[in-house]
Amino acid sequence: MGTRKTPVTLRKENMNFSLSLTASGSGSGSTTISSDGSPPLDRPPVLVLLSLSDAWSSALSAKFTIIPPSSPLSTSTRAVLISGSVNRVDSTLLDQYPSLRCVVTTSAGVNTINLEECRRRGVLVANVGETYSNDVADYAVGLLIDAFRRLTMSDRYLRNGLWVSRGDYPLGSKLGGKRVGIVGLGSIGSAIAKRLEAFGCKISYFSRKPKPTANYKYVPNIIDLATKSDVLVVSCSLTKETHHIINKQVLQALGKEGIIINIGRGAHIDEPELVRSLVQGEIKGVGLDVFENEPNVPKEMFEMENVVLTPHQAVFTPEALSDVIQICIANFEAFFAENRPGTTGTTTGTDYCISRRTQEGDQGRCAESYQTLKPADDLV
Amino acid sequence: MESLGVLLTYPQFPYLEQELLRRGCHLLRLYDSPKNDQFTFLHANASSIRAVIGDTHVGADAAMIDVLPDLEIVASFSVGLDKVDLVKCKERGIRVTNTPDVLTDDVADLAIGLAIAVLRKIPAADRFVRSSAWKKGGYPLTTKFSGKKVGILGLGRIGLAIAKQAEAFNCPISYNSRSEKPHPNYKYYPTPLDLASNCEVLVVSCALTNETRLIVNRAIIDALGPQGVLINIGRGPHVDEAELVSALVEGRLGGAGLDVFENEPNVPEEFFWLDNVVMTPHVGSDTVETSKAMADLVIANLEAHVMGRPLLTPVL
């Protein structure tokens, strides 16, 4: 953890290592293709359409035969591993690999997957469910506490020797009793709400529809939410509807004492308008993990005391990345267990599936079987 | 409270001064005199001073109390009383009050905020972005906070509030205290060393007394280890600061979130080069809302004293 000892674990950069395969497959196990050209039964083939880190390749190839897109076996492979940020799953892709019956994505978001088309073709889709949610929620809460209590700013004040020369740092703002407006009460939004409740915050939310199982106040209109909130937390997925959902009107409604925390996507906020509001003192402060044009950040922000800026970090813990590998493997295992070669399988693909962990906890255990749940709405 | 002579030992939240003046108090400001003239100032004004408002910077020590024969009450603008000579006050029959409860949540919020900031390296990431380093490459992975084993040294009001918040992050809670508390969900360890050996984030939240001075020593730091994180929202003297510095510099401790230091406002310079250390300048209860609530409580205690009514939050 310290600067002297960099942990030798996954780095994001590792994800860009290119996959190197031999004809006998990858990894340390014996994944020899048998004489009729088919992979061994105990290591079902999985088409992989993204570059894998070492950790990924060794975990995946221990149980599956990794099939690259260039392989002649790619068109007869029934399961594929993709990443939402790298691959689009649409008719073109499904035509290209016509044997696909199962798409497993390493992402939580499914906006680059044509779910209707998958449904029509009987292709199951599994994402990573809530695997990332705790880390993103932690980060959102960390940014929120930072914005209210000025952790980063006072740490900087101290490091610049100003505690000695200038005296005590100006007062911050108490969390308890503050009205938090969550934009998008999906898995991440719910995890954020659960945490902030413990700090005595009052939670309301805006989403396309009210969530019947949520105990928080639903506000059907984002301007109303902004008007009635001390802080807005953006935690919805990015769609056409949510592009620039935080715009000039919302910023005005939030007002001079308002704070915004964004762990969604940069494009959720009209960034130039946000910068202008900050420069004019029309909102109190922000904590931003995402920006419209990463890694570029509006340079005006570098001079600001009341902003916390982080480089799209919320999701990136070694624990989450390791959990994602486990849950994707569990999804594949569940698919192959129910869909052995020569059987018609028990799934019809009329709904897409989200795998859920059967046990809470930091390491958790991956789902032993997946469940069919209600589609898309639950993800936002 | 008309014409009550009140000594302020340190510059306070302006609201407090305004309210005291509004009630007709006669305010004497110790900090207006340079340090070596302060005793002269006290001698000169001794007969006027019936109340002292101290805080975490300057309290009421034996030397000060000895010089103030008419002192009746010390109303501390803090919950910690390590800067008030309680033995002397008891001898002299001087009443002492503090400001518990109103600041509990703020301090707990800060403890959790520091823990997330250290583990996820938020201030370091902010420095990374501001230096334009992001254009050249990503920031390294940072370890998850949710689910980390949190160990609390001192399960008083603040410790309990920290436990409740950490539970919302699915953190298993353990603690060490002078005695076991009736909280079956939290695991009790009989010694600080046992606690440090069995947790990943150790939070110091006990009062500073002779027993707890240097409670976080080399053995505790070693038990926490290279993946462990220390959070101190207690007092600087709880921790052997020199040992802490060398452990962090040498990578024997994973990180630290510190709101208090041995010799405030001075902070070990070695910390300035470390991304796994987050420091705040003793801001535990420094919010507008809580400062006002603390000021109201100080004033209410003084008023009660003057009117002969029971004090609201007496310690003596």
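Domain 1 and domain 2 of chain B bury about 500 Å² between them, with carbon and sulfur atoms giving 47% of that area; buried area is the accessible area (1.4 Å probe) that two parts lose on being put together, summed over both. Asp82(B), Pro100(B) and Thr290(B) supply 69% of what domain 1 of chain B buries here, more than any other three residues. The model is predicted, so to speak of local features a pLDDT of at least 70 is needed, side-chain atom pairs count only at pLDDT 80 or more, and totals for chains, interfaces and linings use all residues. Residues are numbered from 1 along each chain as its sequence is written, chains are lettered from A and ligands numbered from 1 in the order in which they are written, and side-chain values use heavy atoms, with hydrogens and water left out.

The two domains of chain B cover residues 5–100 + 288–307 (domain 1) and 104–279 (domain 2), with bounds that come from an automatic or database domain assignment. Their centres, taken over C-alpha atoms, are separated by 32 Å. Six residues of domain 1 of chain B are in contact with four residues of domain 2 of chain B, where contact means heavy atoms within 4.5 Å. On the domain 1 side, these residues divide into two nonpolar, three polar and one charged. In this scheme Ala, Val, Leu, Ile, Met, Phe, Trp, Tyr, Cys and Pro count as nonpolar, Asp, Glu, Lys and Arg as charged, and the others, Gly among them, as polar. One salt bridge is found across this interface, the term being used for a side-chain nitrogen of Lys or Arg within 4 Å of a carboxyl oxygen of Asp or Glu. The side chains of Asp82(B) and Arg235(B) meet in a salt bridge at 3.0 Å, N to O.

Chain A is likewise assigned two domains, namely domain 1 (40–127 + 317–341 + 369–379) and domain 2 (132–309). Their C-alpha centres lie 34 Å apart. Eleven residues of domain 1 of chain A touch seven residues of domain 2 of chain A, and the area buried between these domains is about 670 Å², 45% of it from carbon and sulfur atoms.

Turning to the two chains, 67 residues of chain A are in contact with 76 residues of chain B. The area buried between chain A and chain B is about 6100 Å², to which carbon and sulfur atoms give 58%. Six salt bridges are found across this interface; Asp106(B) and Arg149(A) meet in a salt bridge through their side chains (3.8 Å, N to O). Helix 4 of chain A gives the most to the side of chain A that touches chain B, with ten residues. Helices (H or I, at least four residues) are DSSP runs, numbered from the N terminus. By class, the side of chain A that touches chain B has 30 nonpolar, 15 polar and 22 charged residues.

Finally, a residue of chain B deserves a look: Leu248(B) is found in helix 10 (residues 241–249) of chain B. Leu248(B) counts as buried because its relative accessibility is 2%, buried meaning under 20% relative accessible area (1.4 Å probe, protein chains only). Not counting residues up to four places away in sequence, Leu248(B) touches Leu253(B), Gly255(B), Ala256(B), Phe271(B), Leu274(B), Asn276(B) and Val277(B).

Methods. Helix = DSSP H or I, 4+ residues; strand = E, 2+ residues; numbered from the N terminus. Buried < 20%, exposed > 50% of the residue type's maximum accessible area, 1.4 Å probe, protein only.
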